[in-house]
Structures are given as structure tokens and as C-alpha cells.
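Notebook open, structure loaded. I'm jotting down what I looked up, one entry at a time.

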Amino acid sequence: MDMKLEKIKIDEAEKLWKMQIEAFQNIYEKYQDTETSPAAEKVDKTIMRLKQPFTYFYFIKVDRQEVGAIRIVDQQEAGKAKRISPIFIMPKYRNKGYAQKAMELAEEIHGNSGWELDTILQEKGNCHLYEKMGYHQTGETKTVNDKMTLVFYQKD
């Protein structure tokens with residue numbers, strides 16, 4: 001398997017946005033979270049993120065095929081954590097280790113310490129992945145609705 005992260009250009013915003021909607025659709029339907037779901041975002045938010053000087057959005061490519069994407073927020077300041085928000089793998093490519101490998105590649109690019117992220121507490125597979133990658137829960141949670149709670153992680 002040949003995997004790489006390829007920086008997403010502003011003219012690829014619509015493609016990224018459509019992939020994000022498809023990737024998060026099942027989670028959106030399950031939790032009905034209009035406030036924070038990437039599946040409910042408008043393309044303008046994707047464009048805005050791509051324009052941020054501290055945002056690094058990458059397509060996750062396996063053998064030249066786009067299988068997902070990862071966004072790294074890295075202000076490159078001492079004491080400021082880097083953040084993954086979001087990472088996703090397209091449905092037909094899931095459960096092949098691609099998210100884990102993409103996170104490892106992101107650490108090679110942006111450094112392997114000082115990371116944070118959040119995920120849905122009820123999504124045990126996501127929690128397992130992040131814990132396997134060395135993240136630990138901070139103890140902070142945020143109830144989004146009666147079906148969904150966000151849990152916060154960090155990696156030192």
C-alpha cells in the first residue's frame with residue numbers, strides 16, 4: 001500500500017466538501033446533530049477553512065486514490081496544541097487501517113507530540129482508534145443532544 005497525504009488546494013474545496021458530506025452522512029442520520037456535524041456544513045465553511053493560514057487540509061491517498069481527508073490545525077506556536085478536526089475515510093475504504101496510517105503521516109509532517117481532538121463518545125470504534133494512537137481522554141465532555149456526547153482527547 002502506497003499512502004500519502006496531499007495538500008488540498010482551494011479549487012478542490014467543492015470536491016472535499018462533497019466527500020465530507022458523504023463520509024459523515026451516516027453519523028448525521030444517527031445523531032441528528034445539525035450544530036456540529038460536518039455533513040450539515042455549507043461549502044462556504046470548507047472554503048473558509050482552506051483559506052486559514054494555520055489549517056492544513058490533506059487528501060488521504062492510497063495508490064493515488066482519494067480515500068478520505070484529514071484537517072490539521074497547527075498554529076505552530078510553542079505551547080499550542082495541534083488539532084485534528086476532522087479526519088474521515090470514505091465508507092467503501094473503512095476498516096483497512098487508513099485513518100491510523102494517515103494520523104501517523106500527519107505526525108511525521110507536524111510533529112508527534114502536542115495533539116488534541118474530540119470525537120463522539122458513543123462511537124466506540126473512533127475512541128478505540130485514538131486511544132490506540134496514544135491519545136488519552138482529558139476528562140472533558142460536552143453533551144450535544146440526548147443521543148450524542150463529545151469526548152475530548154490529547155496526546156502529549
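Predicted model: local features only at pLDDT ≥ 70, side-chain atom pairs only at ≥ 80, totals over all residues.

I started with Gln76, which is exposed, its relative accessible area being 59%. My cut-offs throughout: buried is under 20% relative accessible area, exposed is over 50%, and partly exposed is in between, with a 1.4 Å probe and protein chains only. Residues are numbered from 1 along each chain as its sequence is written, and side-chain values use heavy atoms, with hydrogens and water left out.

Back to Gln76: I find it in the loop between β3 and β4. Its phi is positive, near 50 degrees, and the residue is not a glycine. For element names I use DSSP runs numbered from the N terminus: helices are H or I with at least four residues, strands are E with at least two.

Gln32 also has a positive phi, about 50 degrees, without being a glycine. I located Gln32 in the loop between α1 and α2, and it comes out partly exposed at 44% relative accessible area.

Then I checked omega. The peptide bond from Ser85 to Pro86 is cis, with omega near -5 degrees. Pro86 sits in strand β4.

**Pocket**

What is the volume of the largest pocket? I get about 1200 Å³. Points are joined across faces, edges and corners, and the volume is the space filled by probe spheres set on them.

I listed 45 lining residues, with Phe24, Ile87, Thr119, Asn126 and Tyr130 nearest the centre of the pocket. Elements that each supply at least two lining residues include α1 (13-31), β4 (82-89), α4 (124-132) and β7 (148-155). By class, I have 22 nonpolar, 10 polar and 13 charged residues in the lining. Here Ala, Val, Leu, Ile, Met, Phe, Trp, Tyr, Cys and Pro are nonpolar, Asp, Glu, Lys and Arg are charged, and the others, Gly among them, are polar.

**Cores**

A nonpolar core is a set of buried Ala, Val, Leu, Ile, Met, Phe, Trp, Tyr and Cys residues joined through side-chain atoms within 4.5 Å.

Which members of the largest core touch the most others? Out of 42 residues, they are Ile60, Ile70, Ile84, Ile87, Met103 and Tyr135. I followed up Ile87: leaving aside neighbours within four places in sequence, its contacts (heavy atoms within 4.5 Å) include Phe24, Ile60, Met103 and Tyr130.

**Rings**

I searched the whole structure and got three aromatic pairs. Rings of Phe, Tyr and Trp (its six-membered ring) pair if their centres lie within 6.5 Å; planes under 30 degrees apart are stacked, over 60 edge-to-face, the rest tilted.

Phe24 and Phe88 have ring centres 5.7 Å apart and planes at 70 degrees, so I logged them as edge-to-face. Phe24 belongs to helix α1 and Phe88 to strand β4, so this pair ties together parts 64 residues apart in sequence. Both Phe24 and Phe88 are buried.

Tyr130 and Tyr135 are edge-to-face as well, at 6.3 Å centre to centre and 65 degrees between the planes. Tyr130 is buried at 7% relative accessible area, and Tyr135 is buried at 4%. Ring pairs link Tyr130, Tyr135 and Tyr153 into a cluster.

Is Thr149 buried or exposed? Buried, at 15% relative accessibility. Thr149 is in strand β7, and beyond four places in sequence it touches residues including Thr119, Gln122, Thr141 and Val144.

Thr141 is in strand β6 (residues 136-145) and is partly exposed at 47% relative accessible area. Beyond four places in sequence, Thr141 touches Thr149, Leu150, Val151 and Phe152.

Notes. 1 Å grid on protein atoms, 1.4 Å probe; cavity = no way out; pocket = protein on both sides within 12 Å on 5 of 7 lines; lining within 4 Å.
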